[in-house]
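Here is a brief report on one protein chain. Look over the sequence and the model before reading on.

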Amino acid sequence: MKKFFLLLLMTFISIGCSSDDDTIYDYIGTWSGTYEGSDKGVWNIVVASDGKVKGTMHSDVNNENYNISGNLSTSGELNASIGLPSDGDFRGTLTTDKIGNGNWSNAVPTPTRTGTWKGEKE
């Protein structure tokens, strides 16, 4: 009976410890890459332990920098804004294999520019 109780207790403990909150740690750190489309350049972001994302995009075409800020879900879904105040979007997916990709749009300067981005964790 004692062994059965221990087995049952260990099962509940292992189920309780497999929370999605633990997976955010796979993404914490610096990510960087390139973007292209109707503008092109480089980007970098830092993912914090609370899932907050901050970084920059640098346009090779306009020689300007744009702020990136947003959040990352525990499943790696990135939802961020470009510019302060928000003038665009930087959305996509980061994977536990340290690869990321997605889409971006930026309304400043006009006309609105769009494209794709890709990168990896440093």
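## Two loop residues

Lys 98 is partly exposed, with a relative accessible area of 46% (buried is under 20%, exposed over 50% and partly exposed in between, with a 1.4 Å probe and protein chains only). Lys 98 sits in the loop between strand S6 (88-94) and strand S7 (99-106). Its phi is near 70°, a positive value in a residue other than glycine.

Asn 63 is exposed, at 59% relative accessible area. The loop between strand S3 (52-59) and strand S4 (65-72) holds Asn 63. Phi of Asn 63 is near 50°, again positive in a residue other than glycine.

## Basis of the model

This is a predicted model: local features need pLDDT of at least 70, side-chain atom pairs count only at pLDDT 80 or more, and totals for chains, interfaces and linings use all residues. Residues are numbered from 1 along each chain as its sequence is written, and side-chain values use heavy atoms, leaving out hydrogens and water.

## Fold

The chain has 1 helix and 8 strands (DSSP runs numbered from the N terminus: helices are H or I, at least four residues; strands are E, at least two). Along the sequence the pattern is α-β-β-β-β-β-β-β-β. Buried residues make up 32% of the 122 residues.

## Nonpolar core

The largest nonpolar core has 19 residues (a set of buried Ala, Val, Leu, Ile, Met, Phe, Trp, Tyr and Cys residues joined through side-chain atoms within 4.5 Å). Trp 43, Ile 45, Met 57 and Phe 90 have the most contacts inside it. Elements giving two or more residues to this core include strand S1 (29-37), strand S2 (41-47) and strand S5 (77-82).
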